[in-house]
Every structure is written in structure tokens, then in C-alpha cells.
Amino acid sequence: MTLAPAQFSSPSPQAGSLVRIAIVGRGFTGLMTAIALLKAFQGPFHLALYDPYPKIDGGEAAGRSASTLLNSRVRDLSIDPAAREDFRRWLETDDVWRERAASPAGNVDHAFVPGEVFSAYVYQRFSEALRERTDVMVQVRADSVTAIGRHPGGGFSVLSSDGQTRFDTVFLATGYGLRDGADCASTQGSVGEALVIGGGVHAVNRALRLLAAGEASHVTLISASGFLPQPHTSSAVGAVTSDRPFPHTLRGAFRYLREAANRAAAEGSGWQGIMNDFRQRARALWQGLTPDERRRFKRHVKPIYDSHRNRLPPGQYERLHRAIAGGAIMVRKGKVERIATNGVLLSTAAGLQVLPADRTIDCRIRLTDLDSPLFRALIAGNLVQRDELDLGIFVDRAGRVIVEPEIFEGLFAMGPLGLGSLPDIDLVPEIVVQAYAAAEALAASLQGAQTRNGGPPDGRNEG
Ligand SMILES: Cc1cc2nc3c(=O)[nH]c(=O)nc-3n(C[C@H](O)[C@H](O)[C@H](O)COP(=O)(O)OP(=O)(O)OC[C@H]3O[C@@H](n4cnc5c(N)ncnc54)[C@H](O)[C@@H]3O)c2cc1C
């Protein structure tokens, strides 16, 4: 793939009239937004992709768990909303997967793949989409964005280490913040006791890998809520709808979920199908909750909800529970107050406690870093508004930023940045749908502006 050089050269008059779009963050969300724009946004445009992280690898999801399994099945990882089988078809261009698909036991749709495989797929689809668009100029910029403000001539000023550049539209796709490279995937020599902080799927992954590779003889897994991820079923299930009416309060919703799941378990069909259905309705439920109910959700229900939606592949779940039963992994519930060279300070129901360790690995997912210089500038400029739970910023379903009471045209916050407004927007299928909705919303808003200004109704900005 050929990408334009990292600097804007002096634009010709025609290049100066292109719609100028910036995407801040080149993780999965940023790349997915770029793909959706390349495929669905008509008319020439100029696209700058900012991220100081040197690789294009699908972000934290692929980078952290490059050689370990993602926790979604192949069937749920297509990045083409019109072709659910797209990822499987891509996999089957490889001999190993084609042979597996042809074998009696090999349902590729139900398989789990390593992060690096998914990353290669996303990158290839990005390259193909780019090749198709000879009218789009793309620049990969290796710098971080430190501030965004309104530009006096309209649009936005994007400030990076390289200076200030004007854009008509900006997509924020900064996910879990700047990547530091020292993530929980790095390896060292062998130790006795290791602490792994985090109760999510990649903390479990990391703990199992430490043991499997002989890098630690014992692992203590520290989960703040005490919950660990639940398993997927061995064969994929779809969304199973209960015959009871769906309630509209937090308490009612979780009673409904518990009863439906118990019934499904008694019938032998498992709770996963019920949960899949519940997740599809979660967004409507969330919109109807009061601020107090949302706060209660964050405090009391979110850890349980997360442990049932982010599931472990069945084999991994079994390995985890074998390791716990055999004493190789111990699970501790508590909040890590400090991380030191020789262990951590843990706050538990019984009080503060020091857990000594030869090695500590922090696998907690950071939420959107609203205290970073970029978000401080956006909030100070009244360009974005934090949601009431501090999970992210207010957005609509297309990722358009909402500064109450209205949508802020031209500024989008994609993927996990919108978690306070849109449940599950940190997952691949939801990010895919949002990216295309954003491309459509942008086209509609530019068309509206052109019509109002009497200009041509395509994606071109004559101004
Ligand atoms: C380990 C892991 C496994 C997962 N597995 C699955 C799965 O199996 N199925 C599923 O559906 N979902 C999964 N997810 C969730 C989903 O894939 C993530 O929510 C998604 O990857 C989020 O990507 P992102 O691009 O928004 O964020 P990130 O991956 O955090 O990427 C953000 C990028 O923005 C850059 N950045 C940040 N600040 C700036 C700045 N100021 N200027 C420039 N660049 C900046 C960072 O360097 C980074 O590269 C997983 C997530 C993780 C972490």
C-alpha cells in the first residue's frame, strides 16, 4: 500500500478545496472509521490519520493479545456490515483454515482467532479500500494530538507536535489512550510469584500464558469486583428471546435477565443466548434509565454485566478453572492502591494488605483518559461534554458529539469514547455499525451545508 508522505505539501487550489478529515487514533476504531469513510463517503477528500504508535495493528485488542485468542467468535468479527461471513471468507483464503472448514468438525464461524490474525484482516481491508479510492489522499502522521479547538475560518484546529492544521471534520478514536508499549503482553525471564492485576479476559489470558510458558510458578489474579469472565458455549448460539415482556427499569431488567437465564439453564440451552438478546436491547434500556439508575448500574451491576458479555473461549475457561483448582492461580478480590517493585498494596474488605511478588503485570483496561491534555482542551473549549458517569463523552449512535442540547456538527467521538451513552460500543460489531453510520451522517451534514450555501451537493467543500 502506498501512503502519502507525512507532511501536507503546499496544496494546489483543487487540493485546497478537498474536504479535510482527521482521525485521531489508529487503533481498531480509527482504522474502521477510515475504512467506512473510504467505502461509503462519496467525493474526494483528504484524510489524516494521527497516532504516535508506529504500527498499524488493530490497537489494544490486537496488540495486547497478539498471539492469544480474541474472545469473540469469527462469525462476530466481520467488518463488513453487509456480509457477516466476510472474516470467515478472508480466513479461508489461507490453506490451514480452508482445510479446517472442509473437515467435519471444522466450523470456522465458531472458531476463536489470535489478535494478530484479526489485525491482518482489518489491515488488508483498509489497504483494499484505499486502493479503490484514487480520489482520496491519505496521510499517516506519527504524532500525537495535544489539543483541538475551533478554527476561526470554520472547522477545527488540530494541534500536534508538528504544528497546527485545519480540518473540516475530526473523528476522535483515542480509545484507551496513548499506548505506552509496556503493555501486559511483554515477556521476561522466569519468576516464582507473579501478580496479574485485572479481572477481564486479557488478564486471564496473561495469567494462563505466564504459567504455560513457565514464566511464573504461581499467579495471583487480582479482580477488583471478584468476578472473572464467564465462558462461551462450545457451539455458537444466537440471540434467544424470552417470552416475558422486556422491562424498562434497572431492577426489572436484571430480574428479567436472571429468570430468563435460569429457565434457559434448566432447559439445557445456557444463558449465553439470553444474554446475546439482552445486549441487543441494552441500548434502548440505557436511554430510558434515570441518572440515578445509571449510577447504580456502574457501581453494582457493570462488573457482573461485563463478566457475562466478555466471555472466554471454552478451552481457556476450562484451563483457568483447572489452574485455580490445582492451586497454580489464586484469585483475590480487592482494589490495587499502589504498585511497587516488589508487589502491590491491596485494599480489601479486611483492610489494607501488601501482596509481595517477583513480578507484577497490570492488565486493567483503562477507561477513556478524560484528563489527558487533548480531552482537557476539548472540554475547556466546550467541544465535548463528559457523561454523568465519567465513562466517556456524550455522543449519538453515529458517534456525533453532543454538547447539550444539540449535536456538535463535524466532531465525532467513536468506539469506547461513547461508553457512557451507548452500552457495548467498545465491541467490534458495534464499532463497525457506528463507523458506517458516522460516514453517512457526515455525508448528510455536508450535503445539507452545500444545499444551504447553494453549492454542489457532493462531499466537496468549496470554502
Ligand atoms: C485485549 C483486548 C481484547 C479485545 N478483544 C475483543 C474481542 O474479542 N471482540 C470484541 O468485539 N472486542 C474486543 N475488544 C474490544 C475492542 O476491540 C476495543 O474496544 C477496540 O479495540 C477499541 O479500539 P480503539 O481503537 O477505540 O482503542 P485503542 O486500541 O486504545 O486505540 C487507540 C489509539 O489511539 C491512539 N491515541 C490515543 N490518544 C491519542 C492522541 N492524543 N493522539 C494520537 N493518537 C492517540 C493510541 O496510541 C492508540 O493507538 C478487545 C479489547 C482489548 C483491549
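Axes are lines fitted to C-alpha atoms, for helices over the stretch in contact, and angles between them run from 0 to 180 degrees between N-to-C directions. The exercises below use this definition on a predicted model.

**Exercise 1.** Determine how helix α8 and helix α9 are oriented towards each other, and which residues bring them into contact.

*Solution.* Begin with the axes: those of α8, which covers residues 250–267, and α9, which covers residues 272–288, come within 10 Å and cross at roughly 165°. Angles over 145 degrees count as roughly antiparallel, and α8 and α9 are therefore roughly antiparallel to each other. Next comes the handedness, and the crossing of α8 and α9 is right-handed. Turning to the residues, α8 contributes A253, L257, A260, A261 and A264, which meet G273, I274, F278 and L285 of α9.

**Exercise 2.** Work out the order of the strands in the six-stranded open sheet, and find which strands lie at its edges.

*Solution.* Read in order, the sheet runs β5-β2-β1-β9-β18-β17, and its pairing is mixed. The edge strands, each of which pairs on one side only, are β5 (136–141) and β17 (400–403). On average, neighbouring strands of this sheet are turned by 30° against each other, with direction ignored.

**Exercise 3.** Describe how strand β1 pairs with strand β2, and identify the bridge partner of I21.

*Solution.* Strand β1, residues 19–24, and strand β2, residues 45–50, pair in the parallel sense over six bridges. Within this pairing, I21 has L47 in β2 as its bridge partner.

Note on methods:
Residues numbered from 1 in each chain as written. Predicted model: local features only at pLDDT ≥ 70, side-chain atom pairs only at ≥ 80, totals over all residues. Helix = DSSP H or I, 4+ residues; strand = E, 2+ residues; numbered from the N terminus. Parallel < 35°, antiparallel > 145°, perpendicular 65-115°, else oblique. Left-handed = near helix turned anticlockwise from the far one by under 90°. Contact = placed C-beta atoms within 7 Å. Pairing = 2+ DSSP bridges.
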